[in-house]
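Let's go through this one by asking where the labels come from.

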Amino acid sequence: ARRAALAAVTGPGATADGHAVPLLANIGGPQDLADALEHGAEGVGLYRTEFLFLGRAEAPSAEEQEAAYLEVLEAFPGGQVVVRTLDAGADKPLAFLPPPGEEPNPALGERGIRLLRLHPEVMETQLAALARAASRSTAVLRVMAPMVATAEEAALFAAACREAGLASAGVMIEVPSAALRAADLAAEADFFSVGTNDLAQYAFAADRQVAALAALHDAWQPALLDLVALAAAGAAGRDRPCGVCGEAAGDPVLACVLVGLGAASLSMSAPALPAVRAALARHSREQCRLAARAARAAASPAQARDAARAHLPGLS
Ligand code: PEP
Ligand code: MG
(Lines give C-alpha, C1' and ligand atoms only; values in the text may rest on other atoms or scores of the structure.)
(Ligands and ions follow the chains in the order given, each with its own letter.)
Protein backbone atom coordinates (compact mmCIF):
# COMPACT_ATOMS: atom_id res chain seq x y z
CA ALA A 1 0.00 0.00 0.00
CA ARG A 2 2.90 2.32 0.79
CA ARG A 3 4.36 1.59 -2.61
CA ALA A 4 1.05 2.38 -4.29
CA ALA A 5 0.75 5.60 -2.31
CA LEU A 6 4.25 6.62 -3.33
CA ALA A 7 3.56 5.79 -6.99
CA ALA A 8 0.49 8.01 -6.83
CA VAL A 9 2.75 10.89 -5.86
CA THR A 10 5.70 10.23 -8.15
CA GLY A 11 4.75 7.75 -10.88
CA PRO A 12 3.19 8.35 -14.29
CA GLY A 13 -0.24 9.93 -14.29
CA ALA A 14 -3.19 7.54 -14.38
CA THR A 15 -6.75 7.28 -13.15
CA ALA A 16 -7.58 4.81 -10.38
CA ASP A 17 -8.60 2.23 -13.01
CA GLY A 18 -5.29 2.55 -14.83
CA HIS A 19 -6.15 4.86 -17.73
CA ALA A 20 -2.87 6.63 -18.48
CA VAL A 21 -2.89 10.44 -18.49
CA PRO A 22 0.66 11.72 -19.04
CA LEU A 23 1.38 14.60 -16.66
CA LEU A 24 3.64 17.14 -18.29
CA ALA A 25 5.22 20.46 -17.42
CA ASN A 26 4.79 23.92 -18.89
CA ILE A 27 8.24 25.47 -19.21
CA GLY A 28 9.77 28.67 -20.53
CA GLY A 29 13.18 27.17 -21.24
CA PRO A 30 16.00 24.97 -19.93
CA GLN A 31 16.05 27.00 -16.68
CA ASP A 32 12.73 25.38 -15.71
CA LEU A 33 13.83 21.76 -16.22
CA ALA A 34 15.05 21.12 -12.67
CA ASP A 35 11.68 22.14 -11.28
CA ALA A 36 9.85 19.95 -13.80
CA LEU A 37 11.95 16.88 -13.00
CA GLU A 38 11.73 17.45 -9.27
CA HIS A 39 7.95 17.39 -9.44
CA GLY A 40 7.89 14.21 -11.50
CA ALA A 41 6.95 15.60 -14.91
CA GLU A 42 6.84 12.81 -17.52
CA GLY A 43 7.80 15.25 -20.21
CA VAL A 44 7.05 18.75 -21.40
CA GLY A 45 3.56 19.61 -22.62
CA LEU A 46 4.24 23.25 -23.42
CA TYR A 47 7.64 24.78 -24.07
CA ARG A 48 6.94 28.49 -24.56
CA THR A 49 9.83 29.30 -26.88
CA GLU A 50 9.22 33.06 -27.00
CA PHE A 51 11.45 33.53 -23.95
CA LEU A 52 14.39 32.63 -26.18
CA PHE A 53 13.44 35.50 -28.48
CA LEU A 54 12.25 38.22 -26.08
CA GLY A 55 14.34 41.28 -25.31
CA ARG A 56 16.75 40.79 -28.20
CA ALA A 57 17.67 43.01 -31.11
CA GLU A 58 17.94 40.04 -33.47
CA ALA A 59 16.50 36.55 -33.62
CA PRO A 60 18.60 33.87 -31.92
CA SER A 61 20.68 31.93 -34.45
CA ALA A 62 19.65 28.46 -35.60
CA GLU A 63 22.59 27.04 -33.61
CA GLU A 64 21.60 28.81 -30.43
CA GLN A 65 18.02 27.62 -30.81
CA GLU A 66 19.10 24.05 -31.49
CA ALA A 67 21.21 24.02 -28.32
CA ALA A 68 18.30 25.24 -26.16
CA TYR A 69 15.87 22.73 -27.69
CA LEU A 70 18.34 19.88 -27.32
CA GLU A 71 18.87 20.69 -23.66
CA VAL A 72 15.14 20.35 -23.05
CA LEU A 73 14.83 17.15 -25.11
CA GLU A 74 17.73 15.53 -23.29
CA ALA A 75 16.05 16.02 -19.92
CA PHE A 76 13.40 13.47 -20.98
CA PRO A 77 15.04 10.53 -22.77
CA GLY A 78 12.31 8.51 -24.44
CA GLY A 79 9.69 10.95 -23.13
CA GLN A 80 7.58 13.47 -24.98
CA VAL A 81 8.39 17.14 -25.40
CA VAL A 82 5.84 19.48 -26.94
CA VAL A 83 7.38 22.66 -28.26
CA ARG A 84 5.28 25.64 -29.25
CA THR A 85 6.61 27.79 -32.04
CA LEU A 86 7.12 31.46 -31.36
CA ASP A 87 4.00 33.12 -29.94
CA ALA A 88 4.77 36.79 -30.46
CA GLY A 89 2.51 39.74 -31.13
CA ALA A 90 1.88 43.25 -29.94
CA ASP A 91 1.21 41.84 -26.46
CA LYS A 92 4.58 40.03 -26.47
CA PRO A 93 6.54 42.38 -28.75
CA LEU A 94 9.83 41.41 -30.36
CA ALA A 95 12.24 44.10 -31.53
CA PHE A 96 13.11 42.23 -34.73
CA LEU A 97 9.56 41.15 -35.51
CA PRO A 98 7.25 44.15 -35.23
CA PRO A 99 3.62 43.71 -36.21
CA PRO A 100 3.05 45.35 -39.60
CA GLY A 101 0.89 48.21 -38.32
CA GLU A 102 -0.65 49.96 -35.33
CA GLU A 103 -2.68 47.53 -33.28
CA PRO A 104 -5.25 49.03 -30.95
CA ASN A 105 -6.23 45.51 -29.80
CA PRO A 106 -2.98 43.51 -29.56
CA ALA A 107 -4.72 40.31 -28.47
CA LEU A 108 -6.74 40.45 -31.68
CA GLY A 109 -3.90 41.38 -34.00
CA GLU A 110 -1.11 39.78 -35.97
CA ARG A 111 0.16 37.35 -33.37
CA GLY A 112 1.11 33.69 -33.05
CA ILE A 113 0.79 31.78 -36.32
CA ARG A 114 -0.48 34.96 -38.03
CA LEU A 115 2.82 36.73 -37.44
CA LEU A 116 4.79 33.65 -38.48
CA ARG A 117 2.84 33.61 -41.73
CA LEU A 118 4.12 37.10 -42.40
CA HIS A 119 7.69 36.06 -41.56
CA PRO A 120 8.02 32.51 -42.85
CA GLU A 121 11.81 32.64 -42.53
CA VAL A 122 11.51 32.95 -38.73
CA MET A 123 9.27 29.89 -38.56
CA GLU A 124 11.43 27.91 -41.00
CA THR A 125 14.60 28.58 -39.00
CA GLN A 126 12.86 27.53 -35.80
CA LEU A 127 11.43 24.34 -37.31
CA ALA A 128 14.79 23.43 -38.82
CA ALA A 129 16.53 23.95 -35.47
CA LEU A 130 13.90 21.77 -33.80
CA ALA A 131 14.34 19.01 -36.39
CA ARG A 132 18.10 19.01 -35.89
CA ALA A 133 17.74 18.87 -32.11
CA ALA A 134 15.25 15.99 -32.40
CA SER A 135 17.63 14.01 -34.61
CA ARG A 136 20.22 14.14 -31.81
CA SER A 137 17.87 13.01 -29.02
CA THR A 138 15.75 10.01 -28.04
CA ALA A 139 12.90 12.19 -26.78
CA VAL A 140 9.74 12.30 -28.87
CA LEU A 141 9.43 15.84 -30.19
CA ARG A 142 6.02 17.25 -31.04
CA VAL A 143 5.76 20.77 -32.41
CA MET A 144 2.66 22.94 -32.28
CA ALA A 145 1.57 26.36 -33.46
CA PRO A 146 -0.13 29.01 -31.30
CA MET A 147 -3.29 30.95 -32.12
CA VAL A 148 -4.49 28.75 -34.95
CA ALA A 149 -8.02 29.80 -35.92
CA THR A 150 -8.76 27.83 -39.09
CA ALA A 151 -8.07 24.49 -40.75
CA GLU A 152 -6.23 26.39 -43.46
CA GLU A 153 -3.74 27.71 -40.90
CA ALA A 154 -3.35 24.22 -39.45
CA ALA A 155 -2.62 22.83 -42.92
CA LEU A 156 -0.08 25.56 -43.59
CA PHE A 157 1.73 24.80 -40.36
CA ALA A 158 1.66 21.05 -40.93
CA ALA A 159 3.15 21.55 -44.39
CA ALA A 160 5.97 23.69 -42.95
CA CYS A 161 6.68 21.00 -40.35
CA ARG A 162 6.77 18.27 -42.98
CA GLU A 163 9.08 20.41 -45.10
CA ALA A 164 11.42 20.70 -42.10
CA GLY A 165 11.36 16.92 -41.62
CA LEU A 166 9.38 16.99 -38.38
CA ALA A 167 7.29 13.92 -37.64
CA SER A 168 4.47 15.51 -35.67
CA ALA A 169 2.67 18.83 -36.20
CA GLY A 170 -0.05 19.96 -33.83
CA VAL A 171 -2.08 23.05 -33.09
CA MET A 172 -3.11 24.84 -29.97
CA ILE A 173 -6.83 25.18 -29.52
CA GLU A 174 -7.10 28.59 -27.93
CA VAL A 175 -9.36 30.46 -30.34
CA PRO A 176 -13.06 29.52 -30.17
CA SER A 177 -13.32 29.08 -33.96
CA ALA A 178 -10.74 26.30 -33.73
CA ALA A 179 -12.76 24.46 -31.08
CA LEU A 180 -16.00 24.91 -33.04
CA ARG A 181 -14.44 23.40 -36.17
CA ALA A 182 -12.18 20.92 -34.37
CA ALA A 183 -12.99 18.10 -36.79
CA ASP A 184 -11.69 20.17 -39.71
CA LEU A 185 -8.51 21.05 -37.86
CA ALA A 186 -8.00 17.43 -36.76
CA ALA A 187 -7.90 16.46 -40.44
CA GLU A 188 -4.80 18.64 -40.80
CA ALA A 189 -3.02 18.34 -37.45
CA ASP A 190 -1.51 15.35 -35.63
CA PHE A 191 -2.56 16.51 -32.18
CA PHE A 192 -4.30 19.29 -30.25
CA SER A 193 -3.35 21.08 -27.10
CA VAL A 194 -6.05 23.26 -25.55
CA GLY A 195 -4.79 26.55 -24.14
CA THR A 196 -7.48 27.42 -21.64
CA ASN A 197 -5.97 30.84 -20.83
CA ASP A 198 -6.47 32.30 -24.27
CA LEU A 199 -9.53 30.18 -25.01
CA ALA A 200 -11.24 31.85 -22.02
CA GLN A 201 -10.02 35.28 -23.09
CA TYR A 202 -11.45 34.92 -26.58
CA ALA A 203 -14.62 33.04 -25.68
CA PHE A 204 -15.66 35.60 -23.08
CA ALA A 205 -14.26 38.68 -24.85
CA ALA A 206 -12.34 39.38 -21.65
CA ASP A 207 -8.74 40.60 -21.85
CA ARG A 208 -6.66 38.17 -19.78
CA GLN A 209 -4.46 41.06 -18.59
CA VAL A 210 -7.43 42.75 -16.89
CA ALA A 211 -7.60 41.28 -13.40
CA ALA A 212 -11.02 42.81 -12.77
CA LEU A 213 -12.43 40.36 -15.34
CA ALA A 214 -11.19 37.31 -13.41
CA ALA A 215 -14.70 35.87 -13.05
CA LEU A 216 -14.90 35.60 -16.84
CA HIS A 217 -11.52 33.84 -16.98
CA ASP A 218 -12.71 31.21 -14.50
CA ALA A 219 -11.95 27.90 -16.18
CA TRP A 220 -15.03 26.42 -14.53
CA GLN A 221 -17.24 28.53 -16.78
CA PRO A 222 -19.55 25.96 -18.39
CA ALA A 223 -19.09 27.60 -21.80
CA LEU A 224 -15.34 27.01 -21.58
CA LEU A 225 -15.92 23.37 -20.60
CA ASP A 226 -18.19 23.04 -23.67
CA LEU A 227 -15.40 24.34 -25.92
CA VAL A 228 -12.90 21.89 -24.42
CA ALA A 229 -15.39 19.08 -25.00
CA LEU A 230 -15.80 20.15 -28.64
CA ALA A 231 -12.02 20.16 -29.14
CA ALA A 232 -11.62 16.72 -27.59
CA ALA A 233 -14.49 15.27 -29.61
CA GLY A 234 -13.08 16.69 -32.86
CA ALA A 235 -9.71 15.14 -32.10
CA ALA A 236 -11.21 11.79 -31.07
CA GLY A 237 -13.10 11.57 -34.37
CA ARG A 238 -9.74 11.35 -36.12
CA ASP A 239 -7.95 9.40 -33.40
CA ARG A 240 -5.80 12.40 -32.57
CA PRO A 241 -4.77 13.07 -28.98
CA CYS A 242 -6.06 16.27 -27.39
CA GLY A 243 -4.13 17.53 -24.38
CA VAL A 244 -4.73 20.57 -22.20
CA CYS A 245 -1.89 22.95 -21.36
CA GLY A 246 -3.62 26.05 -19.95
CA GLU A 247 -3.62 26.88 -16.25
CA ALA A 248 -6.88 24.99 -15.75
CA ALA A 249 -4.99 21.69 -15.93
CA GLY A 250 -3.26 22.51 -12.63
CA ASP A 251 -6.46 22.49 -10.54
CA PRO A 252 -6.84 18.90 -9.24
CA VAL A 253 -10.65 18.87 -9.43
CA LEU A 254 -10.72 20.50 -12.84
CA ALA A 255 -7.96 18.16 -14.02
CA CYS A 256 -10.28 15.21 -13.34
CA VAL A 257 -13.06 17.00 -15.24
CA LEU A 258 -10.74 17.67 -18.18
CA VAL A 259 -9.88 13.97 -18.32
CA GLY A 260 -13.61 13.27 -18.24
CA LEU A 261 -14.06 15.64 -21.18
CA GLY A 262 -11.49 13.62 -23.12
CA ALA A 263 -8.12 15.23 -22.38
CA ALA A 264 -5.39 12.72 -23.22
CA SER A 265 -2.65 14.50 -21.27
CA LEU A 266 -2.37 17.45 -18.90
CA SER A 267 0.42 20.01 -18.83
CA MET A 268 0.83 22.56 -16.05
CA SER A 269 3.35 24.54 -14.06
CA ALA A 270 5.52 21.99 -12.26
CA PRO A 271 4.46 22.63 -8.64
CA ALA A 272 0.87 21.68 -9.52
CA LEU A 273 1.84 18.18 -10.73
CA PRO A 274 1.84 16.17 -7.45
CA ALA A 275 -1.67 17.23 -6.39
CA VAL A 276 -3.07 16.53 -9.85
CA ARG A 277 -1.34 13.12 -9.94
CA ALA A 278 -2.83 12.25 -6.55
CA ALA A 279 -6.33 13.40 -7.55
CA LEU A 280 -6.35 11.31 -10.73
CA ALA A 281 -4.99 8.26 -8.92
CA ARG A 282 -8.00 8.33 -6.57
CA HIS A 283 -10.73 8.48 -9.20
CA SER A 284 -11.75 6.27 -12.08
CA ARG A 285 -12.15 7.47 -15.62
CA GLU A 286 -15.88 6.88 -15.30
CA GLN A 287 -16.02 9.13 -12.23
CA CYS A 288 -14.15 11.78 -14.23
CA ARG A 289 -16.69 11.44 -17.04
CA LEU A 290 -19.62 11.75 -14.66
CA ALA A 291 -17.99 14.80 -13.05
CA ALA A 292 -17.48 16.37 -16.48
CA ARG A 293 -21.07 15.73 -17.48
CA ALA A 294 -22.37 17.23 -14.23
CA ALA A 295 -20.11 20.28 -14.57
CA ARG A 296 -21.30 20.97 -18.11
CA ALA A 297 -24.92 20.70 -17.00
CA ALA A 298 -24.38 23.44 -14.40
CA ALA A 299 -25.31 27.08 -14.97
CA SER A 300 -22.37 28.82 -13.27
CA PRO A 301 -18.70 28.19 -12.43
CA ALA A 302 -19.46 27.68 -8.72
CA GLN A 303 -22.26 25.24 -9.48
CA ALA A 304 -20.06 23.43 -12.00
CA ARG A 305 -17.34 22.90 -9.42
CA ASP A 306 -19.81 21.70 -6.76
CA ALA A 307 -21.49 19.36 -9.23
CA ALA A 308 -18.13 17.88 -10.27
CA ARG A 309 -16.98 17.44 -6.69
CA ALA A 310 -20.06 15.38 -5.90
CA HIS A 311 -18.59 12.73 -8.21
CA LEU A 312 -15.02 13.10 -6.97
CA PRO A 313 -15.08 12.26 -3.26
CA GLY A 314 -12.11 13.39 -1.23
CA LEU A 315 -11.29 16.45 -3.30
CA SER A 316 -11.88 19.86 -1.77
C1 PEP B 1 -2.97 29.40 -23.16
O2 PEP B 1 -3.28 30.35 -23.87
O3 PEP B 1 -3.77 28.80 -22.44
C4 PEP B 1 -1.59 28.92 -23.13
C5 PEP B 1 -1.28 27.77 -22.56
O6 PEP B 1 -0.63 29.67 -23.71
P7 PEP B 1 -0.11 31.07 -23.10
O8 PEP B 1 -0.57 31.15 -21.68
O9 PEP B 1 1.37 31.02 -23.24
O10 PEP B 1 -0.75 32.06 -23.99
MG1 MG C 1 -2.04 31.14 -25.44
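**Labels and the values behind them**

Q: What makes Phe204 count as partly exposed?
A: Phe204 has 18 C-beta neighbours inside 10 Å. A residue is buried with 20 or more other C-beta atoms within 10 Å of its own, exposed with 12 or fewer, and partly exposed in between, with C-beta atoms placed from the backbone. So 18 puts Phe204 in the partly exposed class.

A quick word on where this comes from: the model is predicted, local features need pLDDT of at least 70, side-chain atom pairs count only at pLDDT 80 or more, and totals for chains, interfaces and linings use all residues. Residues are numbered from 1 along each chain as its sequence is written, while chains are lettered from A and ligands numbered from 1 in the order in which they are written.

Q: Where is Phe204 found, and what is Phe204 in contact with?
A: Phe204 sits in the loop between α10 and α11 (214–217); helices (H or I, at least four residues) and strands (E, at least two) are DSSP runs, numbered from the N terminus. Leaving aside neighbours within four places in sequence, Phe204 is in contact with Leu216 and Gln221, where contact means C-beta atoms, placed from the backbone, within 7 Å.

Q: Why is Ala205 put in its exposure class?
A: Ala205 has 9 other C-beta atoms within 10 Å, so it falls in the exposed class. Ala205 is also in the loop between α10 and α11, and its phi is near 50 degrees, a positive value in a residue other than glycine. Most residues other than glycine have a negative phi.

Q: How do you know whether Asp239 is buried or exposed?
A: Count again: 7 other C-beta atoms lie within 10 Å, so Asp239 is exposed. Asp239 lies in the loop between α12 (222–236) and β7 (242–244), and its phi, near 60 degrees, is positive too.

Q: Why are α4 and α6 called oblique to each other?
A: Helix α4 (residues 62–74) and helix α6 (residues 120–135) pack at an angle of about 45 degrees, with their axes 8 Å apart. Axes are lines fitted to C-alpha atoms, for helices over the stretch in contact, and angles run from 0 to 180 degrees between N-to-C directions. Under 35 degrees is roughly parallel, over 145 roughly antiparallel, 65 to 115 roughly perpendicular, and the rest oblique. The pair is therefore oblique. On the α4 side, the contact includes Tyr69 and Leu73, and on the α6 side Ala129 and Arg132. Its residues divide into 9 nonpolar, 3 polar and 2 charged (Ala, Val, Leu, Ile, Met, Phe, Trp, Tyr, Cys and Pro are nonpolar, Asp, Glu, Lys and Arg charged, and the others, Gly among them, polar).

Q: What makes α6 oblique to α7?
A: α6 and helix α7 (residues 151–164) pack at about 50 degrees, with axes 9 Å apart. That angle makes α6 oblique to α7. Met123, Glu124, Leu127, Ala128 and Ala131 in α6 meet Ala160, Cys161 and Ala164 in α7, giving 7 nonpolar, no polar and 1 charged residue.

Q: Which residues surround ligand 1, and what gives the most to the shell?
A: Leu46, Arg48, Glu174, Gly195, Thr196, Asn197, Asp198, Cys245 and Gly246 surround ligand 1; a residue is near a molecule if its C-beta atom, placed from the backbone, lies within 6 Å of it. α10 gives the most, with 3 residues. By class, the shell has 2 nonpolar, 4 polar and 3 charged residues.

Technical notes: Two residues are in contact if their C-beta atoms, placed from the backbone, lie within 7 Å.
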